[in-house]
Amino acid sequence: MDACTRIRCSMSAVRINTIPDLSRRTGIKRATMYNRMKNVGSMTLRELQEIARVTHMSAEQIAEVVLNA
């Protein structure tokens with residue numbers, strides 16, 4: 001599974017349905033969030049940490065994002 005799909009699955013699991021909703025919950029600007037989802041490899045560690053915290057990603061899921069970015 002690619003990194004973007006993994007993040008979207010984690011979002012869905014906690015009923016976050018849109019990028020703007022994820023943006024609000026993480027505090028990451030909407031435009032930045034859209035850019036990061038287009039190019040997950042450009043995501044900062046802090047951004048990934050916030051997304052993981054909000055979506056309750058497991059260590060394995062985080063590793064999958066990192067390895068497939």
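**View 1. Contacts across the chain.** In the protein chain, 50% of the contacts with a separation of 6 or more join residues 24 or more positions apart. Contact here means heavy atoms within 4.5 Å. This is a predicted model, where local features need pLDDT of at least 70, side-chain atom pairs count only at pLDDT 80 or more, and totals for chains, interfaces and linings use all residues. Residues are numbered from 1 along each chain as its sequence is written, and side-chain values use heavy atoms, with hydrogens and water left out.

View 2. From the N terminus on, the order is α-α-α-α-α. Along its principal axes, the C-alpha trace spans about 25 × 25 × 20 Å.

**View 3. Two cysteines, C4 and C9.** The whole structure holds zero disulfides. A disulfide needs a pair of cysteine sulfur atoms within 2.5 Å. For C4, the nearest cysteine sulfur is that of C9, 9.7 Å away. C4 is buried, at 18% relative accessible area. C9 is partly exposed, at 36%. Buried means under 20%, exposed over 50%, and partly exposed in between (1.4 Å probe, protein chains only).

**View 4. Inside and charge.** Of the 69 residues in the protein chain, 39% count as buried. The chain carries 11 positive and 6 negative side chains. Lys and Arg count as positive, Asp and Glu as negative; His and the chain ends are not counted. The centres of the two sets lie 9 Å apart, with each charge placed at NZ of Lys, CZ of Arg, CG of Asp or CD of Glu.

Technical notes. Helix = DSSP H or I, 4+ residues; strand = E, 2+ residues; numbered from the N terminus.
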